[in-house]
Amino acid sequence: MFGDCGLGLSGFGRRRCLRDCSEDAEREPVLLVSGIGGSILNAKQKKNGFLIRVWVRILFSNYEFKKCLWSMYNPKTGYAETLNQDIDIVVPEDDYGLHAIDILDPAWWVKFLHVTDVYHFHDMIDMLIDCGYKKGTTLFGYGYDFRQSNRIDAAMVGLKIKLQTSYKASGGKKVNIISHSMGGLLVRCFMYLHNDIFVKYVNKWICIACPFQGAPGCINDSLLTGMQFVEGFKSFFFVSRWTMHQLLVECPSIYELLPNPLFKWKEQPLIKVWRKDMEDNDSVKLEVYDSTECIDLFRKALRNNELTYHGEYFALPFNLSILNWASRTRQILDVAQLPDNVDFYNIYGISYDTPHNVCYGSEASPIDDLSEICHTMPEYSYVDGDGTVPADSAMADGFAAKARIAVKAQHRALLSDKTVLKLLKQWLGVAQYSQQSGHSQTAKVVDAFPELIPV
């Protein structure tokens with residue numbers, strides 16, 4: 001009679017159980033979609049099926065990363081394929097997809113020491129469960145191989161299955177998507193390529209910290225020198241900048257995050273290089289490259305880039321095949337339209353210095369050959385944003401948003417920010433669900449600081 005609530009209850013316990021079941025039955029399912037670096041990746045041995053986590057891990061991270069994740073792009077298939085022929089890279093599906101995006105290194109000692117650097121959707125998942133959502137019925141997660149393109153078939157099919165599963169498990173209720181960072185670009189590609197499915201299964205899309213027009217400073221530098229996920233002494237326990245760089249040069253997703261050259265930036269993103277004057281070795285000059293001119297810089301700077309894997313050399317120059325693929329992805333992102341029956345909400349971070357322009361060398365220590373850039377630490381100039389994505393890019397969704405709200409928080413911290421969690425409860429209708437039905441009657445757009453947000 002009472003289903004999962006149990007039998008034999010009486011009085012207050014039975015009434016509360018019935019109420020909880022009723023509330024859960026009324027909940028619209030939520031699907032959490034991660035961004036770049038936000039999913040656990042396992043290496044699966046082809047011979048025996050043995051699994052080892054290769055991203056994220058804190059201990060032996062650099063060794064396992066180089067052994068399993070270094071890849072080469074295959075222009076025939078469009079996929080980045082691992083150099084290790086004995087393994088497949090897979091995303092765990094435990095906990096209805098939530099395990100892969102919760103605590104990215106779920107080792108017991110990480111949880112015991114509460115190493116929050118690898119806590120991803122954890123606080124949001126806990127909040128939703130506290131509000132009555134149930135894993136496998138009204139709460140699901142979608143992690144994916146973030147090395148790949150945002151429009152690659154595997155990612156599109158995976159998202160389609162998640163939407164269908166969430167819809168059916170909840171009894172035919174439309175899904176509310178909450179995406180973070182690059183996950184917003186993946187959802188946007190899906191919305192264009194599979195519009196009929198998106199219309200059928202999606203009710204609301206809440207986007208957090210999405211680089212709609214790219215992330216200029218971080219991505220330009222990632223292609224030239226790599227990416228450092230943690231700073232200070234912690235970096236000695238994690239993947240090195242150079243190790244990460246050798247992967248990113250072959251990742252379609254990174255090329256798809258390059259700054260959109262057609263977007264009207266408040267400040268045009270630039271790459272600057274102090275170089276010795278070829279005609280006068282005693283003088284230096286500052287070379288400046290915009291979003292289109294930088295392609296030539298990438299080609300020259302990365303022309304000698306290579307790695308050694310099991311004694312074999314692999315050339316890793318700037319990949320024009322990936323660039324062509326990414327250019328088509330950008331075209332899709334630019335023309336994608338929000339269906340009339342889907343409500344869209346945008347949360348983005350502000351008040352943090354966010355890399356925008358990148359400079360290599362200095363007037364006192366200029367670059368001789370452009371290939372030296374790959375071994376040079378950059379100097380940034382900053383704009384307002386979340387420390388990774390400029391506010392200029394994150395707020396430029398181009399949709400008729402129900403709300404567009406700025407929050408003082410950093411890129412990953414937005415997932416656990418108290419203001420963000422309050423907004424999610426408000427927009428999902430958790431606090432006053434019985435008083436709300438269907439879509440909001442207004443289309444008010446708000447750009448606000450946390451203290452001004454009406455929660």
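Histidine 122 touches Asp102 and Ile103, leaving aside residues up to four places away in sequence. The histidine is found in helix H4, which covers residues 122-130. With a relative accessibility of 17%, histidine 122 counts as buried, because the limit for buried is under 20%. Keep in mind that this is a predicted model.

Next, a helix pair. Two packed helices are described by the angle between their axes and the distance between the axes. Helix H6, residues 183-193, packs against helix H12, residues 320-335, at an angle of about 75 degrees, and their axes are 9 Å apart. That makes H6 roughly perpendicular to H12. On the H6 side, the residues that meet H12 are Leu185, Arg188, Cys189, Tyr192 and Leu193. On the H12 side, they are Arg328, Thr329, Ile332, Leu333 and Val335.

Now the salt bridges. Side chains of opposite charge can pair when their charged atoms come close. A search of the whole structure finds twelve salt bridges, and I will go through some of them.

One of them joins the side chains of aspartate 221 and arginine 241, at 2.5 Å, N to O. Aspartate 221 lies in helix H8, residues 216-225, and arginine 241 in helix H9, residues 241-248, so this pair ties together parts that are 20 residues apart in sequence. Are these two residues buried or exposed? Aspartate 221 is buried, at 1% relative accessible area. Arginine 241 counts as buried too, at 15% relative accessibility.

Another salt bridge is between lysine 300 and aspartate 296, at 3.2 Å, N to O. Both residues lie in helix H11, residues 294-301, four residues apart, which is about one turn of the helix. Lysine 300 is partly exposed at 40% relative accessibility, and aspartate 296 is partly exposed at 37%.

The side chains of aspartate 369 and arginine 303 also meet in a salt bridge, at 2.9 Å, N to O. Aspartate 369 sits in the loop between strand S15 (352-360) and strand S16 (379-385), and arginine 303 in the loop between H11 and strand S12 (306-309), so the pair ties together parts that are 66 residues apart in sequence. Aspartate 369 counts as partly exposed, at 28% relative accessibility. Arginine 303 counts as partly exposed, at 41%.

Last, the surface. Which residues form a nonpolar patch there? They are Leu59, Phe60 and Tyr63, with about 370 Å² of accessible area together. Tyrosine 63 lies in helix H2, residues 61-68. At 53% relative accessibility, tyrosine 63 counts as exposed, because the limit for exposed is over 50%.

Conventions:
Residues are numbered from 1 along each chain as its sequence is written. This is a predicted model: local features need pLDDT of at least 70, side-chain atom pairs count only at pLDDT 80 or more; totals for chains, interfaces and linings use all residues. Side-chain values use heavy atoms; hydrogens and water are left out. Patches are made of residues with over 30% relative accessible area and no salt bridge: like charges are joined within 9 Å, nonpolar side chains (Val, Leu, Ile, Met, Phe, Trp, Tyr) within 5 Å. Accessible areas come from the Shrake-Rupley method with a 1.4 Å probe; for residues, only the protein chains shown count as cover. A salt bridge is a side-chain nitrogen of Lys or Arg within 4 Å of a carboxyl oxygen of Asp or Glu. Helices (H or I, at least four residues) and strands (E, at least two) are DSSP runs, numbered from the N terminus. Buried means under 20% relative accessible area, exposed over 50%, partly exposed in between (1.4 Å probe, protein chains only). Axes are lines fitted to C-alpha atoms, for helices over the stretch in contact, and angles run from 0 to 180 degrees between N-to-C directions. Angles under 35 degrees count as roughly parallel, over 145 as roughly antiparallel, 65 to 115 as roughly perpendicular and the rest as oblique. Contact means heavy atoms within 4.5 Å.
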